[in-house]
Structure formats: C-alpha cells, structure tokens
Amino acid sequence: RRAVNRACSSWSSRTRSFKPYTPTSYSSSSYNVYTTTYPLTSTRFYGSKSKNLKESKTKLSKDDENKYKQQKNKYKSTQEKVSLASSEGIAKTFKNRGRGLSPEWVVQDLHKVIHQQRKDRVLFDDCSFSVPQGSKIGIVGPNGAGKSSLLRILSGEDPDYQGEVNGPDPEKRRVGYLPQEPELDPNKTVMEIILEAVAEQREALERFIELNEEDELDEEESEEHEQLEQKLKAWGLRGESLDELTWRINRAIVALRTPDRDRLSSTLSGGEKRRVAMCRTLCAHPDVLLIDEPTNHLDSESVSWLEQFLDEFKGTVLAITHDRYFLENVADCIMEVDRGQVYTFNGNYSAWLKWKQSRLDLESKRDQHRQRQMETELEWISKNPRGGVKKSKSRVKRYEDLVKEHETRQKLPEPGRIVIPAGKRLGDIVLRVHNVSKTSDQGKTLFDDLSFSLEKGVMLGIIGPNGAGKTTLLRIISGETTADEGRVEIGDSVELGYVAQIRSTLREEHTVYEEISEGQEEIKSKDGSSLSMRLFVAAFNFQGEMQQRKVKVLSGGERNRVHLAKMLKKGPNVILLDEPTNDLDVDVLRNLEEALVNFIGSAVIVTHDRWFLDRICTAILAFEEDGEVVFFNGNYSEYREDKERRKPEEDFEQKKFVTIK
C-alpha cells in the first residue's frame, strides 16, 4: 500500500509525467523501502541498506522466497493498474507537445467585481493558477461566469482587477488575442487586413533572402543573418522564398472561407469580420493564442481545419469553446470557471466530465456536513444548559460563523433538465420540399431544383459553407421569405417553432422571467400535463435571482437561452433551429441535446457543432463546395466517410491563390 501511494504521489504536476517507483528505486536516507510483509530473513523488516539486502537474499528459505515473489508480482500488478487508471484520466498529458517547465502565466489571488443594477457580483474570488508553456487549454463554464473576462485580463485588455497576473515577456513571447467581437479598420480591404499580420514576417524573410544571395557577409551582417534565421525558425519558415508565406496565407484564407478579399471591412457582417480577424491572428503565427469562441460562424469543414491547425500549433493555446470535439481531441487541459473560482484539470473533455462529477459530489457532501453542523449547534444553543454560559457563547459564535460561511458561499446550481412540452401528434405528411430554387440579392444561385422530404421523428442537420443558403432555406420553410421557383408542403398537423440566428427581438427592459413567461404561470402540454414556468426557466440555467436580471445585461449565450426557452415553451412538434449552439455553455448544450433526443416530433437544425450533429441528427442535408446539395441518411461522421469515398479531397495546390507583391 505504501509503494502504491508513493507511485501515485510521484506523478509530478510540473513535468506532467507519471513516474511510478519500483521497490528498489525509491530511496529515503539511503534506505530502500519494500512493500512485502513477509520476512526476508528470520527478522521482519521494511527497510535495510542495499548491502544487507543482498546478504539477506542468500538466506531466504524456499517458502519465504515464493511468498516474496508472489508479493512482488502482486505489487507489479497493482502498479500497472495505478498506471493504467492514471493514464486513462490524463491521456492527453502524455502527448509530447514540447511543453516547457516554465509557466506562461502565473496568476495569484485574482479578484474582480462587476457592478450590476441590483448588487455587485464577484466574478473572481481570490483565484490562483498557472498556465504551462505549450499547453492546449479549453476554457469552459456557464454563460456569464467570467470566461471572456479572464481572457481579457490575461491579454492585458482589462486592467480592472486585484491580484497578480504575471504573463509572458512581450519582447520574447508574442500573444495573439481574438475577442468575440473583433475590431477591424473600416477603410481597409479584407486582404490588406490579413497582410498586416505578416508584415514583420515578410520583411524578415525578404532581408534573409537578400543576405543569402550575397557572396560574403561582414560580422554585423552575419549576426543579423543568425538573428533572422532564429526568427524565421520560430515562425516555422525555412527562409527559401516568399512562396512559403504566400502558401500559409492562402491556406488560411481557403480553409476559413474568408469573404472576397477586395471588400471593405465596413461592409462585412459580424460572422465575416470574425473569420477575417481569425485569419489575421493565425497568419501572424504568435507564440501564444487566446481565442474566444473560435468555432462561432465557422462551418463544420472550417472547424475541422482549425482543430487540426491548433493541434499542430507549437505554442500555447487558451480557447473558450463549446466545441466538444476540440475539447476531446486537442485540449490537454480543461480550465473551468465556476462560481468565482478557476479549476484546472489535466486531461481531455471525457476525463474532465468524470472528474467534475466527483468534485460536485464532494461539494454536495461538504454542504450536507455543514448543514448538519449548523443543526447541531442550533440544537445546543436552544437547550443552553445551566452553568455552561461561557461554553454556550462559544457555540453561538460557532453557529454564526457557519451561517455566515453558508450565506457567503456561492451555491452549487441544481442541474437543469430542459423539457419540451408535448405538441400535437404528427400526421403522415410533415414537410416536403418540391423543386425549390433561390437566388440571392447579389445574383448568386443558392440552390436549384432542391427536393427532399422530412418524415416523422427525423432530426435533419443542415451543413455547408457560410453563404451557401442554409438560413435562407429555413426562412423559406418558416414562411419568412418565398422561393423563386418550387413550393414547400407542410402537413396539416404541423406546428412550427423557429429560432432564427439573428436574435434581436428581445425586450431589453424585461426581466428574464418576464420575457420567457410572457404572463404565463405554467405550461400546459397537449397531453394534459403541466409544468411550472419557474421550473421551466430554471432548466435553461436561469436559477434563483438570475430570473430577475434585466435582458439588457445578459451575455450572448444567455440571450440565446432566452430565445430557445421562448420558442420551446409553445410546444411545437416541428422545430427549426438556426445555429442553436452558438455561445451556449456545455451544460446547457447537454441539456438541449437530451431534450431533443426525447422530443416527440421532427427538427431541422442548421449547426456547425459536429458533436451535436453526431449525437442528435439522423439525416444530413449538405451544401457542398461545388454547389451540389446532398441528402444523406445518417449522422455527421457517417456523412464525412461517405463524402470521402465520393469525392477525394481536392489538391490544395490546385486552389486559386493570391500572390504577395
């Protein structure tokens, strides 16, 4: 048992490598420690100098030797189990990412308070943590917990806090920061903004090539050549020609599907601005990347490329994301922001879920223990035995301290469960699209002669590049716009519920409860059951006093949840969702997925969330790059396999590039 405990404790949090000690390798004051309880000689011992060990082995009886071998094999088996259990929980930490021992950030006693209309809220309550160099960290937590604020503090954008935040030396480590709403120069084109990011790299590359072409270099030029070579190596450039830089820029432009490179940034939508800003940030090739919701406004193909890019990225990454495939495949550490604290866990998403459940169970037990202590103290105080006045005063003070601790501690939120009220029973005809065609206002053909049918119980996921016409198709189905040709047939029993991507219809002065309930005290389903409106709102993680917050102070993810709740409370039997996963935290995503799995009806969902598509969708309608629209029976992963068989990936070199002049 002692050796197993030592093996567990020998896992170093700094080097993040598991190094179990064997019985003969652990040394303490020059003594070797053994786990066996069987005598190696006539006298039982647990420690002996190595010399005595060799002498004692010659004196072992045959029975003692067999017992020793059995104990040794038992220890070895236990050690392997410990190693396996540890590696299972921290699988990602064994990846060799070139992580250094020195931390990228060291944060001590971080404290930040935000001012709200009713009362101030503690965002960070004396948090301390560090960020190792070379780590890939996924930041998770409820909407409004402070994830974006944490990135702003680390990037230096927000100086309004207390505590110590020691970050990278700006002269040695370059930090690239991508906020949710990036600012672009309105007078510059898309290409000019992207090329700004590589100006330093281009200048260094041109100078390095120039020095390479010279026959002889003096001492000063040789030193400059060496410094430039180190810079280019840090950027991942060989220094042979400008084609290297051109290839990298075009790779990002094609993968992220940036808008036309000659367009002014002032004409771009919010999603287009984010894609341009991300392209600029990635092309700059910083040493550290801070990214806030990088997968928003990206299609599934672009998200897959970004995941690969970040996985191969040699520097440090901190990304706020709800993309669980990224958290599962790329992240080697999960940082959770929850109720004023920052928790770090070494491992991927699956391992973190198990760890979090254990942590929440432990917190629940502590709360129950504290409650029992309060009841015990209160019972003692009420009795107040004669002659024990002094002792009673101390018990009163103890009770008051427990009450104060209980009141000041942020409560553990109850897990919400989203319930979609039952709607009408669907008939034989749900939704049929007949030969529909649509052209955009700019004259681009979005889809031509499109036909498909949605059956009862089918969850249809719509995927494709931005601007392909996915949202337009939902608007045609919902009746918000009309098709140029063709028609949409909707069954008589269908009651549509539609949540659009643009969510600007909320009344800002209403509270969350007022906006969702719209005067209703309970929800009545078509099957006769009812549900309290307070409980329904709480299922969307609006619990307690959060239901009294004004809509105008909500974050993007919280506003998204309000829209979802308003639509789902009506009890539709066919749901149309346009990017429902944007800005939602992983807890609400899991609740929404569970609700859709149990939903008695059909749904059409436009989303880029691959995890969501795999778990929920039973069919895929794909707008592919060549303009073809494909209907596939199966989830997203099965569709990807089918597409790879049908259309091998196009050679990147054949794509149309820009040239750096």
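Is Glu-293 buried or exposed, going by its relative accessibility? In this predicted model, Glu-293 comes out at 5% relative accessibility, so it counts as buried, the cut-off for that label being under 20%. As for its location, Glu-293 sits in the loop that runs between β9 (288–292) and α10 (300–312). The backbone here is worth a look too: phi of Glu-293 is near 50°, a positive value in a residue that isn't glycine. For context, most residues other than glycine have a negative phi.

Asn-435 also has a positive phi, about 50°, and again this is not a glycine. Asn-435 belongs to a strand, β13 (residues 431–439). With a relative accessible area of 41%, Asn-435 is partly exposed, because that label covers whatever falls between the 20% and 50% limits.

Then there is Thr-316, which is part of strand β10 (residues 316–320). Its relative accessible area is 0%, so Thr-316 is buried. The Thr-316 side chain has a partner, though: it makes a polar contact, at 2.6 Å, with the side chain of Glu-104.

Over on the surface, a handful of acidic side chains turn up together. Asp-218, Glu-219, Glu-220, Glu-223, Glu-226 and Glu-229 form a patch of negative charge there. One of them, Glu-223, is in helix α7, which spans residues 219–235.

Conventions:
Residues numbered from 1 in each chain as written. Predicted model: local features only at pLDDT ≥ 70, side-chain atom pairs only at ≥ 80, totals over all residues. Heavy atoms only, no water. Patch = residues over 30% accessible without salt bridge, like charges linked within 9 Å, V, L, I, M, F, W, Y side chains within 5 Å. Areas by Shrake-Rupley, 256 points an atom, 1.4 Å probe, with all protein chains shown as cover. Salt bridge = Lys/Arg side-chain N within 4 Å of Asp/Glu carboxyl O. Lys, Arg positive; Asp, Glu negative; His and termini not counted. Charge placed at Lys NZ, Arg CZ, Asp CG, Glu CD. Helix = DSSP H or I, 4+ residues; strand = E, 2+ residues; numbered from the N terminus. Buried < 20%, exposed > 50% of the residue type's maximum accessible area, 1.4 Å probe, protein only. Polar contact = N/O pair within 3.5 Å; in protein donor to acceptor, adjacent residues only side chain to side chain.
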